[in-house]
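Q: I have a chain open and want to go through its packing. Can you take my questions in order?

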Amino acid sequence: MTETADRFNEEKATYAVRGSDAPDIEAGVAAIRNVLKTLPVRPGVYRMLDARGDVLYVGKARALKNRVSNYTQVARLPRRLSRMVAQTRGMTVVTTNTEAEALLLEAQLIKRFRPAYNVLLRDDKSFPFILLREDHPFPRVQLHRGARRATGQYFGPFAGAGAVRKTLTALQKLFLLRSCTDSFFANRTRPCLLHQIKRCSAPCVDRIAKEEYAELVADAADFLCGKSTKVQQKLSGQMAAAAEAMDFESAAIMRDRLRALTFIQGTQAINAEGIEDADLFALACRQGQIGIQAFFIRGGQNWGHRAFFPTHTAEVPEDEVLTSFMMQFYEEVPPPRLVLVDRLLPEAALIAEALAEKAERKVVLKVPQRGEQRRLLAQATRNAEEALDRRLAEGATQTRLLREVADLFALEAVPGRIEIYDNSHIMGTNMVGAMVVAGPEGFRKGQYRKFNIKRPETAPGDDFAMMREVLERRFARLEQEDPDRKSGEWPDLLLIDGGKGQVSAVYRTMEELGVHDVPIVGISKGPDRNAGREHFHLPDGRESMLPPGSPVLFYLQRLRDEAHRFAIGAHRTRRAAAMTTSPLDDVPGIGPARKKALLMHFGTAKAVRGAALEDLRRVPGVSETMARAIHDHFHARG
């Protein structure tokens, strides 16, 4: 086997072996020893693979041969790693130039493969940034997630979209920058509502000169870079000059902008005086669970904080958890110049070197001992402990509710994974099925799935057939990917939004699929459709109700409502996409330019469909061959 890593230019070597499929530790040790024969004593990253080739663990090493040989000394391994070795049947190794490169590649591969024996950053949603675009004469300010491909200045990360929206609102009040799309901007003939409420300077209709707008953009960039004092002094000077010239209307505008700036400065939840750009990380541990609190400071301003609860942390030292978490975190986020942590990390110098390589500038990793930095870190530590306490309390409540669900429906054990299904459509159009997943830790949004109903035999509006298609596709794939049920993705309970008929249809489908051991429960609102009077239906015909105000009832309602919300959202997305499609999209060779020319000439797609060949030939940009192809597409049937 051979694998290349794009970030490394020098020659790489990859080694793999397959051993016996017997689930014992001797087979795992034998597989590892077979790899050791060819391993070099140089930096790199290794992956432990099971009998199916799935990644069990990703690790990095300064000297691969020395590090991997440790796994053959089973008596010295912790139980977690002993279990991993027992499942190992192969290895893949990539060598790197330095250990810092190996550390970066390790984080990249962990995020890609999400191995069962690595510490995982569970909240994997990309962080929001503010983007000040520079690919338009009048730059736009907007929220941005994902890859940073657009031309412009990126400011972030922010802890969440709420913090970004507050800052965007402040930018609109302070600097009157546009937030509309380029197409909206190009088609305006009069100012929009944002101009009326003094949140936009209306460059779309020339209410401000290009040079003046560029000055506002520069001020906004200064503000986001932490130069708010400079902006404040400039606004004060402009207000004083306007007042002296007796231009009281302009002076009042400057006064309002100054008030907005002062309000923003006064609502900083964290006073980061003396700190320009920094991230703070503090770890708390309670009852075997770990929480990490992160504060983001940019330009001396607090851009929010967030609590993280990494998974697969049992039997893993806290220092290793924090190190793995930080490297995965910075796989998506550009590192600041300063990273403050609450403890000395054994590989602090290596982490700083790897982050500096990623940022292409120096990055300092330190544990502050005194002053403002120490005070901020103490605040982060306190927040980490409080967030973890809240999570443990919520987890205890969740565990109790799941235990009561198991008792209510006579389940063999407390469910670790509940899958909730619902359908959504309007008069049989844009049919969508939805699956929501919940467990002891709450909703697992990363495992939600939507199913576009596409089988021709599924009649429009047939809810039973829709649910049958969804379950057949879901469990056929599950049976194929995890026949031994080791992944934890097999449900312990199916909760169906529907009554007796829906439950019977689901039960028949599951029996036909050969899945006989997954309990099924339907939830309906009863004959009067009253929330709080839900009926619960079992496949054997039994029905039950819970008293109004029951915590278990509220919990099951919440599961049902989440599935309903997700299904409706998926349906609306599909419906919106369908509204922008055209019959012309199916014609081979028709791109955006020809499509626009045809619509400009005929007015509608329906008119194009019915046009004669001679009429199609007259369309600018449509050749004789293309005209015939369009005509044949719509008229040559059979």
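Predicted model: local features only at pLDDT ≥ 70, side-chain atom pairs only at ≥ 80, totals over all residues.

Q: Where is the pLDDT below 50?
A: Over residues 1-22. In the model that stretch has 50 contacts beyond near neighbours in sequence.

Q: How many helices and strands are there in the protein chain?
A: The chain has 20 helices and 19 strands. Of its 638 residues, 47% are buried.

Q: And what share of the contacts join residues at least 24 apart?
A: 62%, taken among contacts between residues at least 6 apart in sequence.

Q: Cores next. Which residues touch the most other members of the largest nonpolar core?
A: F281, M326 and F329, out of 65 residues in that core.

Q: What does F329 touch?
A: Leaving out residues up to four places away in sequence, F329 touches L121, F127, D279, F281, F296 and F308. There is also a second, separate core of 27 residues, with I420, V552, L559 and F566 among them.

Q: Switching to helices: how do the axes of α11 and α12 cross?
A: At roughly 5°, and they come within 11 Å. Angles under 35 degrees count as roughly parallel, so α11 and α12 are roughly parallel to each other. Helix α12 covers residues 348-359.

Q: Which residues make that contact?
A: From α11, T323, M326, M327, Y330 and E331; from α12, I351, A354, L355 and K358. They divide into 6 nonpolar, 1 polar and 2 charged.

Q: What else packs against α11 (318-332)?
A: The buried residues of α3 do, and they also pack against α1 (25-36), β1 (44-49) and β2 (55-61).

Q: Which residues of α3 are buried?
A: R80, L81, S82, M84, V85 and A86, in a helix that spans residues 79-87.

Q: Last one, Y507. Where is the place of Y507?
A: Y507 is in helix α15, residues 500-512.

Q: Why does Y507 count as partly exposed?
A: Because its relative accessibility is 37%, and the partly exposed class lies between under 20% for buried and over 50% for exposed.

Q: What is Y507 in contact with, leaving aside neighbours within four places in sequence?
A: I520 and P539. As for L538, its C-alpha is 9.4 Å from that of Y507, and the two are 31 residues apart in sequence.

Notes:
Residues numbered from 1 in each chain as written. Heavy atoms only, no water. Buried < 20%, exposed > 50% of the residue type's maximum accessible area, 1.4 Å probe, protein only. Helix = DSSP H or I, 4+ residues; strand = E, 2+ residues; numbered from the N terminus. Contact = heavy atoms within 4.5 Å. Core = buried A, V, L, I, M, F, W, Y, C linked by side-chain atoms within 4.5 Å. Axes fitted to C-alpha atoms, helices over the stretch in contact; angles between N-to-C directions. Parallel < 35°, antiparallel > 145°, perpendicular 65-115°, else oblique. Nonpolar A, V, L, I, M, F, W, Y, C, P; charged D, E, K, R; others polar. pLDDT = per-residue confidence, 0-100.
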